[in-house]
Amino acid sequence: MNMTTEAVSHQEFPTELPVISLRELVVFPYMALPLIVAREKSVAAVEDALAGDGMVLLVAQRDSEAFDPGLEELYEVGTVAIVTSRSRLPDGRLKVLIQGFAKARMEAGQGTGGRVRVREIPGDEGAAWSVEGEALVRSVRSRVEQLLPLKNLPPEVLSVTANIDKPGRFADTVASNLRLRVSEAQDILETRDPLARLRRVDALVRRELEVTSMQAEIQTQAKQEMSRGEREAFLREQLRAIQNELGEVDGGGSEVDEYRAKVVDANLSADGLEEANRQVQRLSNMHPDGPEAQVIRNYLDWLVSLPWDRCSPDRLDLNDAREILNADHAHLARVKDRILEFLSVRKLRNDSRGPILCFAGPPGVGKTSLGRSIARSTGREFVRISLGGVRDEAEIRGHRRTYVGAMPGRIIQAMKQAGTSNPVIMLDEIDKLSNDFRGDPSAALLEVLDPEQNHSFSDHFLSLPFDLSRVLFIATANRLDQIPGPLRDRMETVRLSGYSQEEKADIASRFLIPRQIAEHGLAEDHMNWSAGAIEGIVSGYTLEAGVRNLERQIAAVCRKVARKTAEGDASRVSVTRPSLLRYLGPAPHARDGEDHSDEVGVVKGLAWTEAGGELLPVEASLASGRGLVLTGQMGDVMKESGQTALSFVRTTLRDAGSEAEELAKSEVHVHVPDGATPKDGPSAGVAIATAILSAATGRPVRGGIAMTGEITLRGKVLAVGGVREKALAALRAGISEVILPRQCMSDVEEIPKELRRKLTFIPVSEMSEVLEVALCDSAVPHSQAPSWPKHPVSSSHAAFDSKE
């Protein structure tokens with residue numbers, strides 16, 4: 001592209017001109033350039049111009065793809081140019097040289113002979129000098145000088161722009177030499193204000209300078225990279241020759257090649273493959289005996305041994321899975337249904353995520369063994385991680401690779417141990433986690449157990465995202481209140497309550513006895529356990545929610561039989577209920593001596609502990625003095641329940657008009673036996689209030705009834721938790737009637753039907769109902785019972801989420 005340096009002599013501006021449409025080109029005034037004219041209309045326009053004054057209007061097309069555009073498809077503003085020469089090419093096209101000299105706008109209406117009506121747009125030749133215009137001209141000229149070597153522009157550009165001081169003409173001249181889009185160039189052409197036009201050109205020159213500078217920098221960097229690669233190849237060839245002379249090429253090279261082959265076979269993720277290749281390259285350039293080389297080897301060994309894309313097929317036959325679960329565990333229908341639901345979803349959708357379950361319940365109910373059964377029923381690998389006492393965050397997230405002994409966390413170690421990317425991982429004793437200055441492992445588990453995050457779990461040792469979304473996580477805990485709230489929120493809690501005596505007997509006959517016989521080396525037909533013996537060992541030698549101690553007692557019997565057999569007596573042994581005394585001694589929990597008689601000031605409360613439900617007797621007495629004494633290692637919550645209960649009793653006696661004065665002058669002593677065991681929880685209020693009121697009025701408490709619930713100062717009975725566990729504890733103690741908050745009656749449905757038939761649940765909403773049921777009508781002679789006011793039973797009370 002060439003620029004003219006001489007102004008076109010002024011001529012009288014015509015009112016009509018032939019028009020030539022231009023594709024992907026905008027011609028500016030004072031611009032000279034050759035054009036190849038091929039379209040019939042354009043050839044006719046050139047001939048028309050040469051037949052007259054030689055002037056033609058050059059206008060850009062709006063759509064460059066249009067072959068024969070109409071006037072409405074052209075921009076309204078164009079450049080009037082003079083055709084200075086013409087020559088015809090062999091193929092019939094015309095080659096013309098044109099020179100623009102003014103801007104013009106097409107007017108409405110058709111001219112004569114195919115011409116268009118035009119109106120001149122004045123230039124800035126007569127504009128006065130201004131400081132802003134001069135500053136803009138100098139600024140743009142400076143940037144053009146910077147752009148000149150980068151864009152390989154002809155050197156005469158500087159000489160032309162140096163002689164132009166008019167802002168408008170300078171803007172047009174610079175714009176004609178920039179590679180602009182048609183829309184950008186047309187926008188500059190249509191801008192009438194010279195300073196505004198030059199500002200737009202300045203912005204475009206700035207942009208072009210930045211783009212060109214960045215392009216040059218990229219090209220320079222590419223050349224440097226190529227030079228560096230050639231240099232590294234040369235040095236590597238020299239290093240190979242030196243190693244060949246030293247006899248080291250075979251050992252080092254084979255190790256690196258072996259790692260490269262392992263990396264290819266490991267099916268790593270894209271990020272993992274990139275990092276592995278980088279570490280292999282580093283290893284190839286290191287001395288094989290260096291300490292850093294050993295760190296890299298350890299890292300690569302872990303990287304290639306992880307199951308990045310290896311999955312074990314799920315057993316999707318629901319009948320087989322159900323049979324395996326039933327064969328391994330008795331009862332636990334709710335847990336089995338949850339696993340079968342997961343397999344059902346997995347059968348319908350292949351990319352379903354693994355659930356994150358938390359089995360919460362007392363020890364010995366089968367939480368850990370249930371995890372193994374789930375793995376067996378689903379056809380997956382099983383890995384157990386014990387979290388009891390873990391207090392270092394690095395145990396979960398791994399150690400950073402800053403020393404030789406660094407290693408991944410337990411999660412990644414479990415994945416390597418499983419060998420597949422979809423195992424069943426059991427996080428055992430998750431409620432026993434601790435923390436110290438080294439971090440909080442429970443916080444690190446938040447990412448592991450979050451289905452929205454664990455698809456890209458980051459271990460500090462790997463420093464790569466690892467997919468845990470296909471893992472079936474199962475956590476176990478004895479107490480949910482010891483698990484941090486955010487961590488507990490990420491798990492689906494499944495409660496495993498204790499077993500009833502019938503369920504224990506069934507488990508013992510189906511699982512525990514056959515297993516202990518086999519573990520002690522006895523033949524199956526060598527021992528025979530009668531139903532009475534199983535019932536006797538369950539009821540007389542165990543008093544727990546689970547079956548762990550029951551299995552110990554069975555093992556003790558098997559040991560004595562095994563010793564007898566080892567001493568030479570191979571006769572068949574029948575274990576009966578009377579023979580338990582010979583094998584295990586006196587029954588520590590025999591019910592023969594249980595006292596369910598009515599007593600004053602003695603109430604059988606029910607508690608829910610991490611070992612399951614327990615019977616919690618509460619005793620109350622009055623003595624000379626004042627105030628309230630609480631003994632039996634009560635926690636803060638139970639102490640507050642005692643104070644609330646005493647206030648309620650005083651108010652009740654005052655309203656009834658009896659014993660209030662005597663109670664005010666007495667010291668109330670409340671004791672919970674087994675003082676060596678700490679006790680706490682918000683469900684003892686009803687029992688404490690009943691015991692105090694019984695002691696104050698002399699009315700005995702029915703001995704065959706147990707109760708649970710919390711009270712308010714106004715005598716409302718609030719809901720508590722652990723209904724199933726407490727009901728089982730009442731059954732184990734031989735109690736068949738249980739006073740229960742009315743809001744908790746929906747929890748009764750969780751108790752199996754065969755156990756519900758043995759219990760009578762008495763729903764209450766207020767303490768007046770409790771006292772009517774729990775206290776006997778007659779009092780001891782020295783006291784006279786008050787007449788209890790009849791309160792209507794309220795059916796709506798605010799539920800209280802109890803955690804004990």
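This is a predicted model: local features need pLDDT of at least 70, side-chain atom pairs count only at pLDDT 80 or more; totals for chains, interfaces and linings use all residues.

Start by selecting Asp 202, which counts as buried because its relative accessibility is 9%. Here buried means under 20% relative accessible area, exposed means over 50%, and partly exposed lies in between, with a 1.4 Å probe and protein chains only.

Residues are numbered from 1 along each chain as its sequence is written, and side-chain values use heavy atoms, with hydrogens and water left out.

**Around Asp 202**

Asp 202 and Arg 143 form a salt bridge, with 3.1 Å between the closest N and O atoms. Asp 202 belongs to helix α6 (residues 194–246) and Arg 143 to helix α2 (residues 131–151), so this pair ties together parts that are 59 residues apart in sequence. A salt bridge is counted when a side-chain nitrogen of Lys or Arg is within 4 Å of a carboxyl oxygen of Asp or Glu. Helices (H or I, at least four residues) and strands (E, at least two) are DSSP runs, numbered from the N terminus. Both Asp 202 and Arg 143 are buried.

Now select Arg 206. Arg 206 also forms a salt bridge with Asp 202, where the closest N and O atoms are 3.5 Å apart. These two residues are both in helix α6, four residues apart, or about one turn of the helix. Arg 206 counts as partly exposed because its relative accessibility is 39%.

**Other salt bridges**

How many salt bridges does the structure hold? The total is 42.

For another of them, select Arg 115 and Asp 48, whose closest N and O atoms are 2.9 Å apart. Arg 115 is in the loop between β7 (94–110) and β8 (116–121), while Asp 48 is in helix α1 (residues 40–51), so the pair ties together parts that are 67 residues apart in sequence. Asp 48 has 24% relative accessibility and therefore counts as partly exposed.

Next, select Glu 47, Arg 86 and Arg 88, which are linked in a network of salt bridges.

**The loop between β3 and β4**

Go to Glu 24, in the loop between β3 (19–22) and β4 (31–37). Its relative accessibility is 61%, so Glu 24 counts as exposed. The phi of Glu 24 is near 55°, a positive value in a residue other than glycine.

In the loop between β3 and β4 you will also find Tyr 30. Tyr 30 is not a glycine, yet has a positive phi of about 65°. Is Tyr 30 buried or exposed? Tyr 30 is buried, with a relative accessible area of 13%.

**Cysteines**

Finish with Cys 558, which counts as buried at 0% relative accessibility. Cys 744 is buried too, with a relative accessible area of 1%. The disulfide count is zero, taking a disulfide as a pair of cysteine sulfur atoms within 2.5 Å.
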